Amino acid sequence: MDRAEKKECVETLSEVFKTTSVVVVAHYSGLTVAQMQNLRKQMRAAGASVQVAKNRLVKIALEGSDVASIAGLMRGPTLIAYSADPVAAAKAAVAFAKDHDKLVILGGAMGSTALDANGVKSLATMPSLDELRAKLVGLVQAPATKLAQLANAPAGKLARVFSAYAEKDKDAA
């Protein structure tokens, strides 16, 4: 990498650290190229991204950012996973790490909050933003559905009572 490429890489990483909600740092030593491609696919499907960059360039890009606490994790063959959704990168990284022992989650950051490996794993168990939205919509719709059922129930009961009286009168006549 020449100086211009390094500068561009640092600028790109700085922008990533400013715009993302969560950053996960992991060691990837021992993963094959096919496994790394699979990791990238899984991350993309979850709405997250994975990047491997020189640790020194990452440390330079981290200076002055909210996630600067991960600078101490940047030793050895590390990768960073990041996403705008606060749990997407953590979920995808933890899921991949369960199947592949070579991916070791070191920690991460969510905003200015530093996370250790257990913090990233607990973050991965939380529902994603889309899941929370779906639950919220379900909770909002449920009372309206029940209200409609309650409003229709007395009318249905009255109709059955009238029908029963009509049958009774028909049988008596």
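**Talking through a predicted model**

Biologist: What does leucine 73 count as, at 24% relative accessibility?

Modeller: Leucine 73 counts as partly exposed, because its relative accessibility is 24%. Buried means under 20% relative accessible area and exposed means over 50%, with partly exposed in between (1.4 Å probe, protein chains only). This is a predicted model, in which local features need pLDDT of at least 70 and side-chain atom pairs count only at pLDDT 80 or more, while totals for chains, interfaces and linings use all residues. Residues are numbered from 1 along each chain as its sequence is written, and side-chain values use heavy atoms, with hydrogens and water left out.

Biologist: Where does leucine 73 lie?

Modeller: Leucine 73 is in the loop between helix 3 (55-62) and strand 3. Helices (H or I, at least four residues) and strands (E, at least two) are DSSP runs, numbered from the N terminus. The C-alpha atom of leucine 73 is 68 Å from that of lysine 157, which is 84 residues away along the chain.

Biologist: And aspartate 66, buried or exposed?

Modeller: Aspartate 66 counts as exposed, because its relative accessibility is 55%. Aspartate 66 also belongs to the loop between helix 3 and strand 3. Between the C-alpha atoms of aspartate 66 and threonine 32 there are 32 Å, and 34 residues along the chain.

Biologist: Changing topic, which residues have the most contacts inside the largest nonpolar core?

Modeller: They are Val24, Leu39, Met43, Leu79, Leu103, Ile105 and Val120, in a core of 25 residues. At least two residues each come from strand 1 (22-27), helix 2 (33-46), strand 2 (48-51), strand 3 (78-83), helix 4 (88-99) and helix 5 (117-124). Helix 4 supplies the largest share, 7 residues. A nonpolar core is a set of buried Ala, Val, Leu, Ile, Met, Phe, Trp, Tyr and Cys residues joined through side-chain atoms within 4.5 Å.

Biologist: What about alanine 26, buried or exposed?

Modeller: Alanine 26 is buried, because its relative accessibility is 3%. Its place is in strand 1. Alanine 26 and serine 163 are 70 Å apart, C-alpha to C-alpha, and 137 residues apart in sequence.

Biologist: Which residues form a nonpolar patch on the surface?

Modeller: Val161, Phe162 and Tyr165 do, with about 340 Å² of accessible area together. Such patches are made of residues with over 30% relative accessible area and no salt bridge, with nonpolar side chains (Val, Leu, Ile, Met, Phe, Trp, Tyr) joined within 5 Å and like charges within 9 Å. A salt bridge is a side-chain nitrogen of Lys or Arg within 4 Å of a carboxyl oxygen of Asp or Glu. Accessible areas come from the Shrake-Rupley method with a 1.4 Å probe; for residues, only the protein chains shown count as cover.

Biologist: Where does phenylalanine 162 lie?

Modeller: Phenylalanine 162 lies in helix 6 (residues 129-172). Phenylalanine 162 counts as exposed because its relative accessible area is 56%.
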